[in-house]
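Dear colleague,

Please find below the structure that I am handing over to you. My notes on it follow directly after.

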Amino acid sequence: MIVNLGPQHPSTHGVFRMVVVLDGETVVDVKPVFGYLHRNHEKIGERCTWLQIMPFTDRLDYISSMSNNFGYALAVERLMGIKPPERAEYIRVMMAELTRIVSHLISIGFLLNDLGAYFTPSLYALEERELILDIFEAVSGSRMMCNYFRFGGVARDLPEGVLDKVKELVFERLPRKIDEFDRYLTRNEIVRVRTEGVGVLTAEQAIALSATGPILRASGVPYDIRRADPYSIYDRFDFDVVVRYHGDVYDRYLVRLEEIRQSIRILQQVVRDIPEGPVQTGKPQWQVRVPAGESYGRVEGPKGELGYYIVSNGKPNPWRYHVRAPSFVNLTSLAQMARGGKVADIVVILGSIDIVLGEVDR
């Protein structure tokens, strides 16, 4: 029989529908249906000026607005031929890695919610997230939609006292709290029974389906854009590309948990080495003129490769603007992961993909 899960289902992570073909409790096939949140992001981008698009990128993956800013800024800067100052580069990496921690905390907390551990792990994760959002609010004036990056740097320097807060987080609190998460969850019998061997995606399947981010690395492919095609100043930092080899829900959880530790490691190097100096180069933002040409800027976002393809004809707004959203592309793997599993597993598998409907529907 055919059963519809969503688009109102509380565990579909937004307005998302799964058309599930069942043989009893066993899943024969799944068809993802989206578009309920469609916001015409790319066409709106083509009518806006280059700078006006920046706050729209915040609304894609609204858990990861700083990473969204990063990819778009890189694409435009390549066309303009400008490079941010040293201090701005360090601040950008700081914000991107704090964003990765925020996103993975939310992913892990709500995956446990999908498993039935109703809200206790989520609240633990949200507590740490709020401390990082305090940093975002201090530097950008906003907790979620930060609109902080600019072409050639960032909007403003770090306010007084923020660097000390970041140091306290990355050297003291966060390493301790992530170890607590590890003790609470990783060897928990219920977590392991519900996730080991569930939603398996092999390395070959992941590559064929264009999966990126933690999904790809949990399937045994050690591909991370920060290492494979370094951008900004990532080639200066010492960190490991996290990889696991079973390709199941449990390994996706383990990859995200360890990636938080690697982000903390990068942040410790950032706060140790960040120089003084300006945080923006080039003309004032309202005078930005983007020469004719095309460009693709990509970053290793928390959910995978986030790319921006832009075409300029020299006018104040893009002639073409397209976003390669990792949540959208990673959903391609859902049916492959779910076939042969049970109805109860589908919600867990969807949670392990870690989608945000803002960038699925754009």
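A pocket is an open set of points, on a 1 Å grid over the protein atoms alone, with protein on both sides within 12 Å along at least five of seven lines; its lining residues have an atom within 4 Å of a point. Grid points are joined across faces, edges and corners, and a volume is the space filled by probe spheres (1.4 Å probe) set on the points.

This is a predicted model, in which local features need pLDDT of at least 70 and side-chain atom pairs count only at pLDDT 80 or more, while totals for chains, interfaces and linings use all residues. Residues are numbered from 1 along each chain as its sequence is written, and side-chain values use heavy atoms, with hydrogens and water left out.

The second largest pocket has a volume of about 190 Å³. It is lined by 13 residues, with Leu-112, Ala-117, Pro-121, Leu-185 and Asn-188 closest to its centre. At least two lining residues come from each of H4, H5 (120–140), H6 (162–185) and H7 (189–195); helices (H or I, at least four residues) and strands (E, at least two) are DSSP runs, numbered from the N terminus. The lining comprises 10 nonpolar residues, 3 polar and no charged, where Ala, Val, Leu, Ile, Met, Phe, Trp, Tyr, Cys and Pro count as nonpolar, Asp, Glu, Lys and Arg as charged, and the others, Gly among them, as polar.

The largest pocket holds about 330 Å³ of space. Among its 19 lining residues, His-13, Ile-63, Ile-106, Phe-110 and Ile-355 lie nearest the centre. H4 gives the most to this lining, with 6 residues. By class, the lining has 9 nonpolar, 6 polar and 4 charged residues.

H4 (residues 86–115) also packs against H3 (residues 65–80), at an angle of about 140° and with the axes 8 Å apart. Axes are lines fitted to C-alpha atoms, for helices over the stretch in contact, and angles run from 0 to 180 degrees between N-to-C directions. H3 is therefore oblique to H4 (under 35 degrees is roughly parallel, over 145 roughly antiparallel, 65 to 115 roughly perpendicular, and the rest oblique). The contact (heavy atoms within 4.5 Å) includes Phe-70 and Leu-74 of H3 and Met-95 of H4.

Finally, Arg-320 lies in strand S8 (residues 320–324). Its relative accessible area is 35%, so Arg-320 is partly exposed (between buried, under 20%, and exposed, over 50%; 1.4 Å probe, protein chains only).

With kind regards
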